[in-house]
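Hello,

Here is the structure I promised to pass on. Please open it first, then read my notes below.

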Amino acid sequence: HDEEFPPRILDHVMKNAIKGDVTNVIDVIDKYCWSVEIAMNVGDVKGAILDKSFLEASPKNVLEIGCYCGYSALRMSRLLKEDAKIFTIEASSQYADVAQEIISFAGMEKKVQILRGLSDEVLPTIAEKCGVRTFDFVFIDHAKELYKRDLIMLENLGLIRQGTTIMADNVIFPGCPDYLEYVRNSPKFECTNYPSKLEYCENREDAMEKSIYLP
Ligand SMILES: Oc1cc(-c2ccc(F)cc2)cc2cncnc12
Ligand SMILES: [Mg+2]
């Protein structure tokens with residue numbers, strides 16, 4: 001990926017969005033990505049699918065794996081109920097730096113906590129570090145080859161509970177076949193597929209997969 005996109009989107013947001021207006025920041029990012037350059041945010045079309053599942057779950061403790069520039073964390077933060085919080089794991093310190101700036105610019109720094117590091121390094125201590133026992137909603141949107149490994153880690157660490165909603169981005173493109181096979185064949189997950197398009201594209205298929213954990 002273009003390593004220089006994050007600083008450019010940060011600069012564009014700072015110059016064109018309204019400080020403290022999270023909906024405007026989201027809109028400014030989407031307009032930029034539709035008109036200037038594509039980025040790997042979940043985007044507005046798949047973002048609406050995420051929003052709907054998020055509202056249905058109405059979660060208190062939210063985990064995101066793959067923060068990037070903070071776009072999906074902002075989308076979820078604007079739908080958070082009182083005293084609910086989002087913890088988002090980001091392995092790239094460059095991405096985490098930009099995400100922190102964008103999340104703070106939007107005024108959501110109290111609702112979103114960025115955890116820097118690789119998911120398999122962060123997850124084992126996240127419960128005690130964040131004062132959370134289990135997560136009510138999980139959004140998986142990082143390296144596709146890590147989806148299955150990390151879901152199994154969430155199960156083994158007891159970080160998900162009866163009824164936890166897990167949303168996964170990019171299950172068609174770039175695709176995560178082993179993850180899909182795992183959740184769809186497991187009796188512990190109730191899965192729903194939401195066909196859509198790759199972010200900021202009209203003609204490339206992608207989809208989100210919702211899996212409700214029912215151990
Ligand atoms: O939504 C996404 C899209 C792409 C991606 C890859 C290749 C391409 F050509 C276009 C888009 C990569 C991602 C990596 N992590 C999380 N989400 C991603
Ligand atoms: Mg994605």
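The shell around ligand 1 is made up of 4 nonpolar, 3 polar and 4 charged residues. Keep in mind that this is a predicted model. In total, 11 residues surround the ligand. Asp 141, Lys 144, Asp 169, Asn 170 and Glu 199 are the closest.

Where does ligand 1 sit? The largest pocket holds it.

- Asp 141: an N or O atom of its side chain is 3.0 Å from a nitrogen atom of ligand 1.
- Asp 169: here an N or O atom of the side chain is 3.2 Å from an oxygen atom of ligand 1.
- Asn 170: a polar side-chain atom lies 2.7 Å from an oxygen atom of ligand 1.

How much of ligand 1 does the protein bury? On its own, ligand 1 exposes 400 Å². The protein buries 72% of that area.

Now the cysteines. I searched the whole structure for disulfides, and the count is 0. A pair of cysteine sulfur atoms would have to be within 2.5 Å to qualify. Cys 130 is in no disulfide. Its nearest cysteine sulfur belongs to Cys 67, 13 Å away. Cys 130 is buried, with a relative accessible area of 14%.

Cys 201 is in no disulfide either. For Cys 201, the nearest cysteine sulfur is that of Cys 33, at 11 Å. Is Cys 201 buried or exposed? Cys 201 counts as buried, because its relative accessibility is 17% and the cut-off for buried is under 20%.

Best wishes

Definitions and conventions: Residues are numbered from 1 along each chain as its sequence is written. Chains are lettered from A and ligands numbered from 1 in the order in which they are written. This is a predicted model: local features need pLDDT of at least 70, side-chain atom pairs count only at pLDDT 80 or more; totals for chains, interfaces and linings use all residues. Side-chain values use heavy atoms; hydrogens and water are left out. Buried means under 20% relative accessible area, exposed over 50%, partly exposed in between (1.4 Å probe, protein chains only). A residue is near a molecule or strand if one of its heavy atoms lies within 4 Å of it. A polar contact is a pair of N or O atoms within 3.5 Å; within protein, one must be able to donate a hydrogen and the other to accept it, and residues adjacent in sequence count only if both atoms are side-chain atoms. Accessible areas come from the Shrake-Rupley method with a 1.4 Å probe; for residues, only the protein chains shown count as cover. On a 1 Å grid over the protein atoms alone, a cavity is a set of points where a 1.4 Å probe fits but cannot get out, and a pocket is an open set with protein on both sides within 12 Å along at least five of seven lines; lining residues have an atom within 4 Å of a point. A molecule sits in a cavity or pocket if more than half of its atoms lie within 2 Å of its grid points. Ala, Val, Leu, Ile, Met, Phe, Trp, Tyr, Cys and Pro count as nonpolar, Asp, Glu, Lys and Arg as charged, and the others, Gly among them, as polar.
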